[in-house]
Amino acid sequence: MAKAEIVFATITGNNEDIADIIAENLEEQGLDVQVDEISQADVSDFEDADLCIVCPYTYDEGNLPDEGMDFFDDLQETDLSGKIYGVAGSGDTFYGEYYCTAVDEFSRVLKEAGAIQGAPDVKINLSPDTDEDLDTLDQFTDQLVAKLEE
């Protein structure tokens, strides 16, 4: 059974919701899923997983979650060659050019660590509470599973 590790950062609960939706979708497809808050996670959790998912928030003018900086820094020193990754996070379109830049940054460092992108990055405005958001997250998980099965 393939193993998925989902790491999320949240202040408002939006990214925990995103992580939970993804976890439920992956479990329905038969994966063994572990979900951890980013300050409680260790990059070695990704080394032990087949599928690595990060659900970060972006705040202010493009800042990464403070509680996730150690994890982010450790990712830059980790070899995740052959792992499949996905990034789905929330932000606020009010911030314009800085909207969901944490998603972009985590995707970049995962790719630089040698991981293979399994689905396009997902950016959710605020909370995942529309049918469109739920459909997007369903497609995201379907694409990740399909990439694992290649």
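The structure is a predicted model, in which local features require pLDDT of at least 70 and side-chain atom pairs count only at pLDDT 80 or more, while totals for chains, interfaces and linings use all residues. Residues are numbered from 1 along each chain as its sequence is written, and side-chain values use heavy atoms, with hydrogens and water left out.

Helices (H or I, at least four residues) and strands (E, at least two) are DSSP runs numbered from the N terminus. H1 comprises 15 residues, and its first and last C-alpha atoms lie 21 Å apart, close to the 21 Å expected at 1.5 Å a residue; the expected span is 1.5 Å times one less than the number of residues. Buried residues (under 20% relative accessible area, with exposed over 50% and partly exposed in between, for a 1.4 Å probe and protein chains only) in H1 are Asn 14, Asn 15, Ile 18, Ala 19, Ile 21, Ile 22, Ala 23, Asn 25 and Leu 26. An α-helix has 3.6 residues a turn, so residues three or four places apart point the same way. The cover over the buried residues of H1 includes strands S1 (3-8) and S2 (32-37), together with S3, S4, S6 and helix H5 (131-149).

Asn 14 belongs to H1, which covers residues 14-28. Asn 14 counts as buried because its relative accessibility is 16%. Its side chain makes a polar contact of 3.1 Å with the side chain of Thr 12. A polar contact is a pair of N or O atoms within 3.5 Å; within protein, one must be able to donate a hydrogen and the other to accept it, and residues adjacent in sequence count only if both atoms are side-chain atoms. With residues up to four places away in sequence not counted, Asn 14 touches Ser 90, Leu 126, Ser 127 and Pro 128, contact being defined as heavy atoms within 4.5 Å.

Ser 90 is located in strand S4 and is buried, with a relative accessible area of 5%. The side chains of Ser 90 and Asn 15 are joined by a polar contact of 2.9 Å. Apart from neighbours within four places in sequence, the contacts of Ser 90 include Asn 14, Ile 18, Tyr 57, Cys 100, Ile 124 and Leu 126. Leu 126 is found in the loop between S6 and H5 and has a positive phi of about 65° although it is not a glycine. At 41% relative accessibility, Leu 126 is classed as partly exposed.

Asn 14 and Ser 90 also contribute to the largest pocket, where they are listed with Thr 12, Tyr 57 and Thr 58 as lying nearest the centre among 15 lining residues. On a 1 Å grid over the protein atoms alone, a pocket is an open set of points with protein on both sides within 12 Å along at least five of seven lines, and lining residues have an atom within 4 Å of a point. The volume of the largest pocket is about 200 Å³, taken as the space filled by probe spheres set on the points, which are joined across faces, edges and corners. H1 and strand S4 (84-91) each supply at least two residues of this lining.

The twelve residues of H4 should span 16 Å at 1.5 Å a residue, and the end C-alpha atoms are 17 Å apart, which agrees. Thr 101, Ala 102, Val 103, Phe 106, Ser 107, Val 109 and Leu 110 are buried in H4. These buried residues pack against helices H2 (44-47) and H3 (69-75), and against strands S3 (51-55), S4, S5 (116-117) and S6 (122-125). Val 103 has a relative accessible area of 0% and is therefore buried. Beyond four places in sequence, Val 103 is in contact with residues including Pro 56, Thr 58, Val 87, Asp 121 and Lys 123. H4 is followed by Gly 114, with a positive phi near 100°.

Thr 78 occupies the loop between H3 and S4 and counts as buried at 13% relative accessibility. The side chain of Thr 78 reaches the backbone oxygen of Asp 74 at 2.7 Å.

Terms used: 1 Å grid on protein atoms, 1.4 Å probe; cavity = no way out; pocket = protein on both sides within 12 Å on 5 of 7 lines; lining within 4 Å.
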